[in-house]
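Please keep the sequence and the 3D view at hand as you read.

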Amino acid sequence: MCYRCFWPKAQCWCPSIQPMDTRTRFVFLMHPKEFKTEKANTGRLTHLCLPNSKIYMGAEFDSHEEVRELLRDPRYYPVLVYPGPAAVNLSQPQTALSTETLGGRTLLVLLLDATWAGARKMLRLSTNLQRLPRVMFTPTTPSRYVIKQQPQEGCLSTLETVHELLLALERAGLDTYSKPDQLLTLFQRMQDFQIRCANDPSLPSYRKKPYGDPKTRTVSKRRVYIKRERDPTARP
């Protein structure tokens, strides 16, 4: 086992990862279940590609001292990636987020790395995150996730989200995206490995049914964890 990428050494990602420098600082707020059980999750792979990033584990972040220090640091302009009517859409040319908005500060992007249900609960429990300006984007393509089904249209994995964010930030002149193919290549490689395992008869623990095309899947209503237009901090 490689204890950096948490994959078997025969499948270790580390030699093929080329670090990408960004002006933006990315912070992955990872739910404990994601951190402890999903060792090869897309958030961890994305973090390995971005030297200017950090992973913090927690279910709430009001009491997380390192996150609190980051949010108080005057060098940063913190934003939370979360869709909704009040979120600034970075994909729109007339976006309100600009170099003038940052005022010389470094853009600090926080992402909730969990299921949609888990992310909503994390936000509800973290008043310091609720107070942050929110940003979103319009995806350029549906999710490429073959081995998992997204809960509803427009939802992406953490890796795909960062890819879309960097594309939008580069268009807005707020950052540069030097290796736009790397994240998606890693994402495809990860899924190809899982699919090969599923097709290997010597591995009885893996599924044996073929994975369907994400574009042809029907979203189950019972799996829709959150509606994008609703404020997750509001009570029913």
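A disulfide is here a pair of cysteine sulfur atoms within 2.5 Å. By this rule, the chain has zero disulfides. Before going further, please note that this is a predicted model, in which local features need pLDDT of at least 70 and side-chain atom pairs count only at pLDDT 80 or more, while totals for chains, interfaces and linings use all residues. Residues are numbered from 1 along each chain as its sequence is written, and side-chain values use heavy atoms, with hydrogens and water left out.

C12 is buried, at a relative accessible area of 17%, where buried means under 20% relative accessible area, exposed over 50% and partly exposed in between, with a 1.4 Å probe and protein chains only.

Now for the wider view. Helices (H or I, at least four residues) and strands (E, at least two) are DSSP runs, numbered from the N terminus. The chain has eight helices and six strands, and from the N terminus their order is β-α-α-β-α-β-β-α-β-α-α-β-α-α. Buried residues make up 46% of the 236 in the chain. Taking contact to mean heavy atoms within 4.5 Å, 76% of the contacts with a separation of 6 or more join residues 24 or more positions apart.

Another buried cysteine is C5, at 1% relative accessibility, in the segment before strand 1 (25-30). C5 and L48 are 43 residues apart in sequence, and their C-alpha atoms are 7.6 Å apart in space.

How does helix 2 pack against helix 7 (residues 158-171)? Their axes, lines fitted to C-alpha atoms over the stretch in contact, with angles from 0 to 180 degrees between N-to-C directions, lie 7 Å apart at an angle of about 40°. The two helices are therefore oblique to each other; angles under 35 degrees count as roughly parallel, over 145 as roughly antiparallel, 65 to 115 as roughly perpendicular and the rest as oblique. At this contact, T42, G43 and T46 of helix 2 meet T158, L159 and V162 of helix 7.
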